[in-house]
Amino acid sequence: MFEHVLTGIQASLQPGNLAALTFGTFVGIAVGIIPGTGPMVGMVVLLPFTFVFSPSTALSLLLGIFCGGYYGGAIPAILMRTPGVPSSIVTSFDGFPLTQRGEAQRGLSAALMGSFTGGIISVFILIFLAPLLAHVAASFGPPEYFSAALFGVVLVVMAYREQLSRGLLLLGLGLWLSTVGIDGPTLSPRYCFGSLSLQNGLHVVPVCLGLFGIGQTLILVERQILQTKAMRLTRRTLDFSKLVENFRYWKTMIRAGVIGTFVGLLPGTGSILASFMSYEAAKKTSKDPSAFGQGTPEGCLASEGGNNAVPAGAMIPLLTLGIPGDALSAVLLGVFTINGIYPGPLLLVKEPVLINTLYVSMFLINVVAFIMLALWLRPFAMIVKINSAVLAIIIMTLSLVGIYSVNTRLFDAAVAIVMGVLGYILLRLKWPIVNLVMGFILGEILEQRLRESLSLGEGSPVIFFIRPISLGIILLTILIVVIPLVLDRKRRKRTAS
Amino acid sequence: MPQPDETPSRVHDLFGTFLGAAATGILFSSPWQVDTSGPDPFYKGPLIYPLTVLGLIILASLPSAWRLVKAHEKATWKLDGGGFPSKPLVIFLFLIAFLCGLVLIGLRVSCLLFIGGSLYYLEHRRPGVLILVPVIMTGLIYVLFKFFLDIWFPTPLVLDWFGG
């Protein structure tokens, strides 16, 4: 065990890995700062480049973007009331009033300190919780895996329950898209419509890159999202004297980290909920709750602590069950499977070095992001002045050439363009695009486990209900569907009366 | 199913119905689109899962179809006030042209033309932007993909035609 940890530390400190996580963090902060892009765009654009790296280096690069994005998102939220990533909207509640009072450095220090502690706490929870969950998951068979994947899918749908039918439609579309191509067990071509290229199925890279990369950039082309004139920052670096005062909110720091990790652990809940819950918890327990919303550093600290804990939290179900918690970790799952690594309870036993490298890399990413932002605060903040249309064209060109380079197939680039148009339509309609991606990524797992389970039960679905763990997960799934719907109905009735 | 928008737009329902109709078409054509000649029983076969999923899509599209037929009196075709997406449409056409250009005129020329053309269309016509951005990006892409990643790109067809 200790030997694996040491090997993991050694591997993560290799120059290649360090360079990858530093570059990933840099890109993550940059795309996090630019409103309208976010870590997903950064991840999918760099995805094709990861195929030349070892799995641990590739994952360090992408995790750097994943975590760095949340660090960067707070800066425009505090300085311009424009969140770089959606979850940073909560940071702007107190960050922007601080800026208006000429105390932007206090807000930025609190946000950065919150991000750092949230990130570090969540990595420690990940290290302790992942083996426990993996131990439970070791007794899983196909019915339990199917039930767990179904639970994840249902959580995602219920997270967007105000758009329930649309969410289900997109989930179904994602699940169906995952069936296109040759069916593995029977070698039967499915829905290829006479196209030889479709027989290979749809690759995760063009689908994700199209939906998020090209779709989002088409929106950027259309709308001037950035507000560049409002940006003001007098110091080049962070005011380090302001960092120390945040330690008096140490309870808020720990609470935000814990809340964020557990929210990230649940599929579909996302970082916005983590920010809100941490913020509300800090407000409720504060000696001066009225200061929240008026410009208190504690608000920035709580919100950022919550959302920065999400990436490590999302890694727990991903590594132990192979079930991604959100679209970003779904892309990471794609990277794992492309490299022939299948996350699940045995991953921690089979690939201890990779797992320990990931843990240490996530720890290092938080340190690197903290140092980068503390030292280059103003240069990073000025990124927001880059013209969005120019940026969009650059991202599109890189994306298309990148997708082609993965398999040197123009067909993949064409798929990305089609997905880009679909992504653009869904973004304009404000439909929950994450359901489509989750459906596409989880589709294969669901189908495989469903067919294996039915084979075990000789065609009878009763097998899902006679195994205690599977039955428990199914009952939990029913509860998470029924309870929110009943509560919503009661709330609507109360509002109407 | 609840509608999240204060003023419901019929565009949502049209799109939902379109997806449902497409799924219905695919569902009925499934026996011809999926080879089921293997010896496996239905529950092990290649059709059970896609049929379930298509059924889910159709069910989920029913509320949209219902709303499309029985439109709310306040419902309009207005979506978000963003207007017709002319810019994304033109850039989409440029993207297709870029892809065809990779085969016809090669990576470097198509990159230059795509980036330059798009910036010109989006009214970034200052020489600094219009010339420097395409040249720098094309150079960067060429170095990155050709030399660093050693990716094979198709020989431009134009060269084949003129080179005999």
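This is a predicted model: local features need pLDDT of at least 70, side-chain atom pairs count only at pLDDT 80 or more; totals for chains, interfaces and linings use all residues.
Trainee: Is chain B more spread out or less spread out than a compact globule?
Mentor: Chain B has 6 helices and 0 strands, where helices (H or I, at least four residues) and strands (E, at least two) are DSSP runs numbered from the N terminus. The radius of gyration, taken over C-alpha atoms, is compared with a globule rule of 2.2 Å times the number of residues to the power 0.38. For 164 residues the rule gives 15 Å, whereas chain B has 24 Å, well over that value, so chain B is more spread out.

Trainee: What percentage of the residues in chain A is buried?
Mentor: The classes rest on relative accessible area: buried means under 20%, exposed over 50%, and partly exposed in between (1.4 Å probe, protein chains only). In chain B, buried residues make up 37% of the 164 residues. Among the 497 residues of chain A, the buried part is 64%.

Trainee: How far apart are the mean positions of the positive and negative charges in chain A?
Mentor: Lys and Arg count as positive and Asp and Glu as negative, with His and the chain ends not counted; each charge is placed at NZ of Lys, CZ of Arg, CG of Asp or CD of Glu. In chain B, with 11 positive and 10 negative side chains, the centres of the two sets lie 7 Å apart. For the 33 positive and 21 negative charges of chain A, the separation is 10 Å.

Trainee: Which residue's side chain forms a polar contact with the side chain of A:Arg428?
Mentor: A:Arg428 lies in helix 20 (residues 410-429) of chain A and counts as buried because its relative accessibility is 7%. A polar contact is a pair of N or O atoms within 3.5 Å; within protein, one must be able to donate a hydrogen and the other to accept it, and residues adjacent in sequence count only if both atoms are side-chain atoms. At 3.0 Å, the partner of A:Arg428 is A:Glu222.

Trainee: Which backbone oxygen lies 2.5 Å from a polar side-chain atom of A:Thr50?
Mentor: A:Thr50 is in the loop between helix 3 (39-46) and helix 4 (55-80) of chain A, and at 2% relative accessibility it counts as buried. Not counting residues up to four places away in sequence, A:Thr50 touches A:Ala58, A:Leu61 and A:Leu62, contact meaning heavy atoms within 4.5 Å. The oxygen in question belongs to A:Leu47.

Trainee: In which helix of chain A is A:Thr261 placed?
Mentor: At 0% relative accessibility, A:Thr261 counts as buried. Leaving aside neighbours within four places in sequence, A:Thr261 is in contact with residues including A:Ser122, A:Ala309 and A:Ile316. Its place is helix 11 (residues 250-265).

Trainee: Is B:Asp150 buried or exposed?
Mentor: Most residues other than glycine have a negative phi. B:Asp150, although not a glycine, has a positive phi of about 55°, and its place is in the loop between helix 5 (127-148) and helix 6 (157-163) of chain B. With a relative accessible area of 64%, B:Asp150 is exposed.

Trainee: What is the relative accessible area of A:Phe193?
Mentor: A:Phe193 is in the loop between strand 2 (189-190) and helix 9 (204-222) of chain A. Its phi is positive, about 50°, although A:Phe193 is not a glycine. A:Phe193 is partly exposed, with a relative accessible area of 46%.

Technical notes: Residues are numbered from 1 along each chain as its sequence is written. Chains are lettered from A and ligands numbered from 1 in the order in which they are written. Side-chain values use heavy atoms; hydrogens and water are left out.
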